[in-house]
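Let's walk through this structure together, one feature at a time. Please keep the model open beside the text as you read.

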Amino acid sequence: MKSKYIIYITLAGLITFNSSCTKLEEEFRGELEEGSGEIVDPAALLTSAYTAFNTPYQQEQRWVLQEISTDAAMAPTRGGDWDDNGMHRSIHLHEWNADNGYMNNTFVSLGTLVFNATNVLRFKPSAQQEAEARFIRAVAIFDFIDLFGAAPLREGESLDDYRIPPIVMNPDQAMDYIISELTEAMPNLPEGTPKTAYVASKNAARALLMKVHLNRGTFNNRQSPTFDPADMNRVVALAKEITASGSYSISPKGKYFDNFAPDNDQKSTENIFTLYNENGVRGGNVDRTWNTIAHYNMNPGGWNGWCTLSDYYDKFAATDERRGIYYEYAADTTSNRKREFRRQNVGFFEGQQYNWSTNKPLMARNPSNAPLKFTREVTIRTSGATLETAGIRPLKYAFDYESNGQRNNDWVVYRYADVILMQAEAILRGGTGTSAEALLLINKIRVPRGVAALSSLTLDNLLDERARELYWEGWRRQDLIRFGKFLQAWQEKQEDPDPKTLVYPIPSQQIPVNPNLTQNQGY
């Protein structure tokens with residue numbers, strides 16, 4: 001009979017994952033061997049583990065909890081649209097409870113990611129496959145701690161007997177676990193380059209370890225974060241190892257959006273770890289980066305929803321290419337490129353919008369005689385004349401017009417610019433280095449983006465630089481908590497009266513099925 005370990009996986013999960021292959025060279029070759037009790041090809045399970053990142057990461061569950069809860073993003077209710085029983089509003093206003101659907105869905109998705117990665121280890125993977133699976137599991141455990149302050153894990157006997165509930169690690173236990181896992185896995189991981197960023201690598205492991213050491217004191221005390229010099233020194237040392245690999249450089253002027261383009265696996269000089277997307281082959285959800293912000297009358301039409309706040313937008317200088325430019329790329333098949341209309345097509349969309357095929361001003365849908373002008377002003381409940389137009393709309397992932405359906409842009413998880421920013425922060429927080437060195441690191445990023453070099457560096461303007469460089473990449477909440485600003489008031493959100501919101505509740509659906517889970521204080 002077949003082993004009880006066999007799981008059901010989709011055809012997408014049967015795609016072989018091989019770091020030495022190009023995207024087009026991947027093929028279906030996994031199969032279940034009848035009667036053997038084993039899955040023949042652990043590469044199929046590894047692909048399933050990688051694919052499990054898509055739903056929580058690509059502008060969905062985890063992303064929503066990390067960005068919509070901050071000053072960087074809001075999902076306003078537009079009349080009857082985007083109401084969802086207040087689920088989005090409660091996240092931005094910090095009025096959530098343990099029944100919020102986004103929290104349960106994220107918890108389940110991260111649990112699936114942990115299980116899929118652990119399952120690879122049960123079927124005789126190669127040394128590299130095992131190392132990749134352990135990296136994937138470590139990423140999910142880090143997210144569990146970041147979001148919920150607790151990380152459930154099935155290992156040993158509980159994998160065989162589901163009557164044994166998963167253990168639950170606290171922040172200190174989980175950080176020690178991740179460090180141990182990555183230290184053991186790293187020798188068997190490939191070096192990594194931007195062209196192979198969709199494969200776990202030594203540099204991806206180093207980037208995750210940087211985040212572990214930088215945030216360890218915050219996860220243990222979110223109200224009063226601490227920064228142990230040994231942790232900060234480790235952040236600096238890991239950053240130098242990534243730089244010394246020679247694989248990465250800050251994108252030159254005009255090339256910032258190469259990191260998010262449909263062919264970013266070929267163009268990027270910064271991407272360290274990404275999620276694989278190839279139309280008709282594997283991936284999914286990256287289309288949400290367009291759909292969630294685009295108006296119905298844009299090409300193609302979107303869902304007309306999410307936006308940023310004007311105070312956040314105002315952090316950018318007018319010359320900052322990150323704020324928005326016309327970006328020329330091969331997958332733009334519209335006349336914006338062919339006839340050189342050169343209308344802004346990436347960054348923050350504000351003001352009158354244009355049809356990129358005709359170069360004519362776009363109109364709203366209702367009323368149809370109103371110009372489609374995205375306004376700086378937006379409220380969490382919109383109505384009236386600005387129902388469709390309120391809010392500045394950010395887009396980092398240039399739309400892939402060559403693809404019919406799923407887009408080919410690989411989703412960015414870890415990027416070299418973030419490594420440099422973390423290195424500078426660790427120096428300011430007591431790590432090896434000088435303030436002058438930290439300033440040089442930040443200006444190494446700023447100048448290619450088209451903005452003037454800073455003359456001095458403080459934690460406050462470093463946080464603002466992280467806001468500009470990493471907008472909508474899924475780090476803003478973590479940054480605000482580490483810098484002690486998450487409880488403050490901002491547009492459409494009052495000051496938090498209770499520090500319980502520094503960690504999300506354990507979803508109410510999860511506690512009855514795992515007696516080792518304890519609800520977070522205040523929920």
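This is a predicted model: local features need pLDDT of at least 70, side-chain atom pairs count only at pLDDT 80 or more; totals for chains, interfaces and linings use all residues.

Which side chain meets that of Asp143 in a salt bridge? The partner is Arg62, with N to O at 3.1 Å; a salt bridge here is a side-chain nitrogen of Lys or Arg within 4 Å of a carboxyl oxygen of Asp or Glu. Asp143 belongs to helix α6 and Arg62 to helix α3 (residues 61-67), so the pair ties together parts that are 81 residues apart in sequence. Helices are DSSP runs of H or I with at least four residues, strands are runs of E with at least two, and both are numbered from the N terminus. Asp143 and Arg62 are both buried, where buried means under 20% relative accessible area, exposed over 50% and partly exposed in between (1.4 Å probe, protein chains only).

Residues are numbered from 1 along each chain as its sequence is written, and side-chain values use heavy atoms, with hydrogens and water left out.

By the salt-bridge rule, the count comes to 40. Another of these pairs is Asp418 with Arg466, whose closest N and O atoms are 2.9 Å apart. Asp418 sits in helix α15 (residues 416-428) and Arg466 in helix α17 (residues 459-469), so this pair ties together parts that are 48 residues apart in sequence. Both Asp418 and Arg466 are buried. Asp83 and Arg89 form a salt bridge too, with their closest N and O atoms 2.8 Å apart. Here Asp83 is partly exposed, with a relative accessible area of 26%, whereas Arg89 is buried at 12%.

Now turn to the nonpolar side chains. The largest nonpolar core has 148 residues, and Phe135, Phe148, Leu208, Trp306 and Tyr414 have the most contacts inside it. Such a core is a set of buried Ala, Val, Leu, Ile, Met, Phe, Trp, Tyr and Cys residues joined through side-chain atoms within 4.5 Å. Helix α6 (residues 127-148) supplies the largest share of this core, 13 residues. Leaving aside neighbours within four places in sequence, Phe148 is in contact (heavy atoms within 4.5 Å) with residues including Leu65, Met103, Phe107, Asp143 and Val503.
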